[in-house]
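Subject: Structure handover

Hello,

Here is the structure I promised to pass on to you. Please open it alongside this message, and my notes on what turned up follow below.

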Amino acid sequence: QVQVVESGGGLVQPGGSLRLSCVASGFPVSRSLMRWYRQAPGGERKFVALKSSTGITNYATSVKGRFTISRDDAANTIYLEMNNLEPEDTAVYLCNAQDLNIWGQGTQVTVSS
């Protein structure tokens, strides 16, 4: 079955850190353009970060310098390391395999004191 499953979300205080995981099945992340998006309550889905098959990365301006996308080919997993989190980062975070137009169900991140 071709799918991606996110995990790692939770409740964290401002300034804290979380690492999200996106485990892929049925296709190799090493050959795919993988992206993280997020969607806040009542808002639209917004781009967060991407990593291409060749290793190129790109980030939304709002997270640049705080978030890092990485890939573990052996685990067939994409990660999103999030540091210095802000309340504005609160959202459901979704993993996307662009080439196959596959989306996960998302993982909730809440940044609050």
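Predicted model: local features only at pLDDT ≥ 70, side-chain atom pairs only at ≥ 80, totals over all residues.

The rings of Tyr 37 and Trp 103 have centres 5.2 Å apart and planes at 65°, so they make an edge-to-face pair. Since Tyr 37 belongs to strand β4 and Trp 103 to strand β10 (residues 102–103), the pair ties together parts that are 66 residues apart in sequence. Trp 103 itself is partly exposed, because its relative accessibility is 31%.

How many aromatic pairs does a search of the whole structure find? The search gives two.

**Charges over rings**

Trp 103 has another neighbour worth a look: Arg 45 lies over the face of its ring, at 4.4 Å from the ring centre. Elsewhere, Arg 19 places its charged end over the ring of Tyr 79, at 4.2 Å from the centre of that ring.

**The disulfide**

Searching the whole structure turns up one disulfide. The bond is between Cys 22 and Cys 95, whose sulfur atoms are 2.0 Å apart. This pair links distant parts of the chain, as Cys 22 sits in strand β3 and Cys 95 in strand β9 (residues 91–97), 73 residues apart. What is the handedness of the link between Cys 22 and Cys 95? The angle about the S-S bond is -75°, and the link is left-handed. Cys 22 has a relative accessibility of 0%, so it counts as buried. Cys 95 is buried too, because its relative accessible area is 0%.

**Thr 107**

Next, have a look at Thr 107, which you will find in strand β11 (residues 107–111). With a relative accessible area of 10%, Thr 107 falls under the 20% limit and is therefore buried. Its side chain reaches the backbone nitrogen of Gly 9 at 3.0 Å. Setting aside residues up to four places away in sequence, Thr 107 touches Glu 6, Ser 7, Gly 8, Gly 9, Leu 20, Ala 91, Val 92 and Tyr 93.

**Gly 15**

Gly 15 lies between β2 (10–12) and β3 (18–25). Is Gly 15 buried or partly exposed? Its relative accessibility is 46%, so Gly 15 counts as partly exposed. Apart from neighbours within four places in sequence, Gly 15 is in contact with Asn 84 and Leu 85. Val 4 is eleven residues from Gly 15 along the chain, and the C-alpha atoms of the two are separated by 28 Å.

Happy browsing, and do write back with any questions.

Best wishes

Methods: Residues numbered from 1 in each chain as written. Heavy atoms only, no water. Helix = DSSP H or I, 4+ residues; strand = E, 2+ residues; numbered from the N terminus. Buried < 20%, exposed > 50% of the residue type's maximum accessible area, 1.4 Å probe, protein only. Contact = heavy atoms within 4.5 Å. Disulfide = S-S within 2.5 Å. Phe/Tyr/Trp six-rings, centres within 6.5 Å; stacked < 30°, edge-to-face > 60°. Lys NZ or Arg CZ within 6 Å of the ring centre and 35° of its normal. Polar contact = N/O pair within 3.5 Å; in protein donor to acceptor, adjacent residues only side chain to side chain.
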